Amino acid sequence: PLAMRHGRPLRVLHCPWNVAGQSTQLAAAERALGADSRCVVIAETAIGFPADECLMAKDDGLVAREIARWRLLWRAMSWADVVHFSFGQSCLVPHAFPGFTDVNFRDPVAVMRRAYARAIWLKDLPLLAAMGKRLAVTWQGDDARQHDRSLELFDTSIAAALGDSYYLPHSDAWKRRTIAAFDRNVPLHYALNPDLLHVLPKRAQFLPYASLDVAATQPVWNDADATRPLVFAHAPSHRGAKGTAHVLAAAEQLRSEGHVFRLELVEGLQREAAMTRYAQCDVVLDQLLAGWYGGLGLEAMALGKPVVAYLRESDFGGVPPAMLTEMPVINATQENIAAVMRDIIMMPRAEVIALGHRSRSFIERWHDPIAIAKRTLADYQGSVQGSQR
């Protein structure tokens, strides 16, 4: 019944982007439960997270992109029962922050493009709401995080580490406007990272990542030979935001102390090749600034690898207590990452492997896409415009 509407499968459109595979995998899980759920994107991402359908080729130009944008809106209007947006964007977002402060007014084309973006920006939200579509949005990270609020709320954060070199100076105000626009029109808000709940509407819910088919990912248990060097892997999509400098400094300190290990930096690879590299390691070092583990941590735990990441306890309010109780992630900060790595190096190899088994069990319990899809389908069926305000 969760996947049906008027005697036919519920039609769910996940769009307009497939960030880190979240939308594709959730759509696949909803289909497995009987819904007609599809991830349709304007353009594909570059690192191996294919959508169910892509509306433009990689090398198509601006005109093709805007045609694809309006085709996607028509699909949402004419076909979908539910429209589930991702990364804080709707179909009509030609520019995430369509202000004029950074426009070259000597370039009339640039001015016209920005005026066009400003005119249509998020206008599909009230339109689709008025048509009775059931709307949802998943916030994934930097689509909602704000520089000024991060500095107010947290001692350790991406904003504190990178200053205004990472978040655009004018982005905070636009992110707040974006969240407010979704708040007015969209009943269901999900946050994949618990820190986002500080800046999202109060009805927003923490949702575990569903970006990996855990059942199709086989764990790889490396041998327990303690005579070989322990292998750490770290895979930053952005070195500054992931705290890579602290990882490298910790590794250098430990080598100077005489510890023998390997640190593999995995960068610039397609997903399949990166997963092969993770499988060959013993421990994965995830992000040290965001306050939660990311997609890398999810992939590593599915492979049966222990994960190290910074977990910010002040964000735990929206996370199920049982999930926190079972959490196998080793908590580390930018200040103590060397000590945490040292403890792991000195740990009996059998204990490292046992922690990997705990990681795999945790993923199966908390990041099963089917279980998460049951929840989203129930939420879709229960959402009536304005009922949760």
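Ser 23 touches His 14, Trp 17, Asn 18, Cys 39 and Ser 86, leaving aside residues up to four places away in sequence; contact denotes heavy atoms within 4.5 Å. The model is predicted, so that local features need pLDDT of at least 70 and side-chain atom pairs pLDDT 80 or more, while totals for chains, interfaces and linings use all residues. Residues are numbered from 1 along each chain as its sequence is written, and side-chain values use heavy atoms, without hydrogens and water.

Ser 23 lies in helix H1 (residues 22–32), helices being DSSP runs (H or I) of at least four residues and strands (E) of at least two, numbered from the N terminus. Ser 23 is buried, with a relative accessible area of 5%; buried means under 20% (1.4 Å probe, protein chains only).

Five strands form an open parallel sheet in the order E11-E10-E12-E13-E14. Its edge strands, E11 (261–265) and E14 (330–331), each pair on one side only; pairing requires at least two DSSP bridges. Strand E10 (residues 230–234) pairs with E11 over 5 bridges, and Val 231 stands opposite Arg 262 in E11.

The whole structure holds 3 cavities of 30 Å³ or more. A cavity is a set of points on a 1 Å grid over the protein atoms alone where a 1.4 Å probe fits but cannot get out, and lining residues have an atom within 4 Å of a point. A volume is the space filled by probe spheres set on the points, joined across faces, edges and corners.

| Cavity | Volume | Lining residues |
|---|---|---|
| Largest | about 80 Å³ | 14 residues, including Asn 222 and Asp 282 |

How values were computed
Buried < 20%, exposed > 50% of the residue type's maximum accessible area, 1.4 Å probe, protein only. 1 Å grid on protein atoms, 1.4 Å probe; cavity = no way out; pocket = protein on both sides within 12 Å on 5 of 7 lines; lining within 4 Å.
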